[in-house]
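Subject: Structure for you to look at

Hello,

Here is the structure I said I would pass on. Please open it first and keep it in view while you read the notes below.

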Amino acid sequence: MSDTNVKVVCRFRPQNSKERAAQGVECATFDSDQTCSIMSTDGGTKAPQTKKFTFDHIFGPTSTQQAVYHVAARPVVEDVMQGYNGTIFAYGQTSSGKTHTMQGPDIDNPDDRGIIPRIISHIFEAIGGSKAHLEFTVQVSYVEIYNEKIRDLLDPRKSNLVIHESPTKGIYIADVCEQYVASPDETVGPYKGVV
Ligand SMILES: Nc1ncnc2c1ncn2[C@@H]1O[C@H](COP(=O)(O)OP(=O)(O)OP(=O)(O)O)[C@@H](O)[C@H]1O
């Protein structure tokens, strides 16, 4: 198992065309793989201030999907294949790059694939390479939480699912679709057949 239970990494996306057109100033400088300095200003009355931030890893605007996967997701999948639970989630304000990082802009292009399609390939490669006497069961659910509501993306009729907790199952989403999958081609949603 990897050395710590929780790892927090930070990714900065490049400026988009609107920000470039407005001649946005890049406010972050990268001191190392783990520390960066952010300059903030109130728009003119006070001198700009710089604060240092430290993370387990920092990815700058030119970071690749592969590099992010290698540091942020690969160790979690390796632990999962050893029988541990693993969770990866992206957190950030709107347009900060969560979908780009988790899904990728073009999942048909191998370099562009984000964390989720890479996890699917990785899991099935690991199963394919495991000892013949081991058996694995892979089940997939796919939900969106938006405005505090949980929507089942595998069954649009289920638009207000509820979280429960039980001593035997732990925390779970009642009535969510759980689809058995036997190969990357069978995976669901936008990932079906492309990984
Ligand atoms: N690392 C990156 N490199 C290049 N472009 C990026 C990167 N991260 C994000 N973008 C681009 O920035 C835009 C916003 O990213 P994205 O849609 O992933 O944000 P989001 O956090 O999922 O937003 P929302 O919460 O509104 O859904 C997209 O056009 C995306 O392609």
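The shell of residues around the ligand divides into two nonpolar, eight polar and two charged residues. Please keep in mind that the model is predicted. The residues in question are Arg 13, Pro 14, Asn 16, Gly 92, Thr 94, Ser 95, Ser 96, Gly 97, Lys 98, Thr 99, His 100 and Pro 105.

Overall picture

The chain is made up of four helices and 11 strands. Its C-alpha trace spans about 65 × 40 × 35 Å along the principal axes. Of the 195 residues in the chain, 12% are buried. If you take the contacts with a separation of 6 or more, 48% of them are between residues 24 or more positions apart.

Strand 9 covers residues 163–166 and strand 10 covers residues 170–173; the two run antiparallel and are joined by four bridges. Within this pair, His 164 stands opposite Tyr 172 in strand 10.

Two helices in contact

Helix 2 (residues 65–81) packs against helix 4 (residues 115–128) at an angle of about 40°, and their axes are 10 Å apart. The crossing of these two helices is right-handed. From helix 2, the contact uses Tyr 69, Ala 72, Ala 73, Val 77 and Met 81. Helix 4 contributes Ile 115, Arg 118, Ile 119, His 122, Ile 123 and Ala 126. Sorted by class, the residues of this contact are nine nonpolar, one polar and one charged.

Two backbone angles to check

Most residues other than glycine have a negative phi. Two residues are worth a look with that in mind.

Gln 23 is not a glycine, yet has a positive phi of about 55°. This residue is found in the loop between helix 1 (17–21) and strand 2. Is Gln 23 buried or exposed? Gln 23 counts as exposed, because it has 7 C-beta neighbours inside 10 Å, and the cut-off for exposed is 12 or fewer.

Asn 147 also has a positive phi, near 50°, and is a residue other than glycine. Its place is in the loop between strand 7 (143–146) and strand 8 (149–152). With 5 other C-beta atoms within 10 Å, Asn 147 is exposed.

That is what was found.

Regards

Methods. Residues are numbered from 1 along each chain as its sequence is written. This is a predicted model: local features need pLDDT of at least 70, side-chain atom pairs count only at pLDDT 80 or more; totals for chains, interfaces and linings use all residues. A residue is near a molecule or strand if its C-beta atom, placed from the backbone, lies within 6 Å of it. Ala, Val, Leu, Ile, Met, Phe, Trp, Tyr, Cys and Pro count as nonpolar, Asp, Glu, Lys and Arg as charged, and the others, Gly among them, as polar. Two strands pair if DSSP finds at least two bridges between them. Axes are lines fitted to C-alpha atoms, for helices over the stretch in contact, and angles run from 0 to 180 degrees between N-to-C directions. A crossing is left-handed if the near helix is turned anticlockwise from the far one by less than a right angle, and right-handed if clockwise. Two residues are in contact if their C-beta atoms, placed from the backbone, lie within 7 Å. A residue is buried if 20 or more other C-beta atoms lie within 10 Å of its own, exposed if 12 or fewer, and partly exposed in between; C-beta atoms are placed from the backbone.
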